[in-house]
Amino acid sequence: MDERDIRLLKAISDLETGSPERLHEETGIPVSTIHYRLNNLREAGVIKNDLYDIDLEKVGLGVTVIVELLTDYSGPHQNFEEKILDVEGVTQAYFTMGETDFVVVAHLSGREMVERLITDFETIDEVERTNSTFVVSSLRDSARVLQNYELETLLDELLDE
């Protein structure tokens with residue numbers, strides 16, 4: 001990636017849009033160049049999709065639960081990770097190091113869904129124990145990671161030399 005690509009990706013994150021006209025206003029990069037670069041970034045897999053963000057609270061999935069899974073398994077973790085991913089409501093899942101083997105995040109409607117989620121995890125043979133944390137309020141919940149960096153930091157760290 002070059003400087004224009006990084007500037008474009010940062011603007012997409014900050015503006016929360018892929019509109020070439022808005023990106024041009026923010027970056028000064030010509031609209032035709034933006035179209036070309038967006039296509040290249042999509043083809044390279046850097047831009048994965050065009051998502052509409054949804055307010056989970058307004059939809060009715062405002063309860064966020066973080067669940068640590070402590071497991072006992074033989075062989076590679078890949079042999080049973082699909083079971084974890086198949087649990088309805090899991091929106092994020094991470095294989096971790098340390099005492100906790102997996103951390104998952106779920107967005108649920110209420111107590112009944114939380115109980116079902118934990119029960120589903122407990123029925124997985126490899127899961128020995130769960131440790132659940134209810135999120136009281138979100139301080140930051142962004143899929144747009146680049147918003148959390150200054151442009152100069154991104155240029156310093158990501159620019160191909």
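Visitor: How many of the seven residues of strand β3 are buried?

Guide: The model is predicted: local features need pLDDT of at least 70, side-chain atom pairs count only at pLDDT 80 or more, and totals for chains, interfaces and linings use all residues. Residues are numbered from 1 along each chain as its sequence is written, and side-chain values use heavy atoms, with hydrogens and water left out. Buried means under 20% relative accessible area, exposed over 50%, and partly exposed in between (1.4 Å probe, protein chains only). Strand β3 (residues 102-108) is largely enclosed by the rest of the structure, because the buried count is seven of the seven.

Visitor: Which residues point the other way from F102, V104, A106 and L108 in β3?

Guide: In a regular strand the side chains alternate between the two faces of the sheet. F102, V104, A106 and L108 take one side of β3, and the residues on the other side, also buried, are V103, V105 and H107.

Visitor: Which strands stand at the edges of the sheet?

Guide: Strands are DSSP runs of E with at least two residues, helices are runs of H or I with at least four, and both are numbered from the N terminus. Two strands pair if DSSP finds at least two bridges between them. The four strands form an open, antiparallel sheet in the order β2-β3-β1-β4. Two strands have a single partner each, so one side of each is left without a neighbour in the sheet: β2 (90-95) and β4 (127-134).

Visitor: Which residue of β3 stands opposite V63?

Guide: β1 and β3 run antiparallel and are joined by seven bridges. Within β3, the residue opposite V63 is L108.

Visitor: What is the bridge partner of E68 in β4?

Guide: Strand β1 (residues 63-71) is also joined to β4 by seven bridges, again antiparallel. In β4, E68 has as its bridge partner N131.

Visitor: Which residue takes a positive phi in the hairpin of β2 and β3?

Guide: β2 and β3 pair in the antiparallel sense over five bridges, and A93 stands opposite V104 in β3. The hairpin has six residues between the strands, and the one with a positive phi near 105 degrees is G98.

Visitor: How many residues apart in sequence are the parts tied together by R37 and D5?

Guide: A salt bridge is a side-chain nitrogen of Lys or Arg within 4 Å of a carboxyl oxygen of Asp or Glu. R37 and D5 form one at 2.8 Å, N to O. R37 lies in helix α3 (residues 31-43) and D5 in helix α1 (residues 3-15), so the parts tied together are apart in sequence by 32 residues.

Visitor: Is K10, the salt-bridge partner of D14, buried or exposed?

Guide: D14 and K10 are four residues apart in helix α1, about one helical turn, and their closest N and O atoms are 3.0 Å apart. D14 is partly exposed, with a relative accessible area of 36%. K10 has 9% relative accessibility and counts as buried.

Visitor: What is the N to O distance in the salt bridge of R42 and D50?

Guide: R42 is partly exposed at 36% relative accessible area, while D50 is exposed at 59%. Their side chains meet in a salt bridge with an N to O distance of 3.8 Å.
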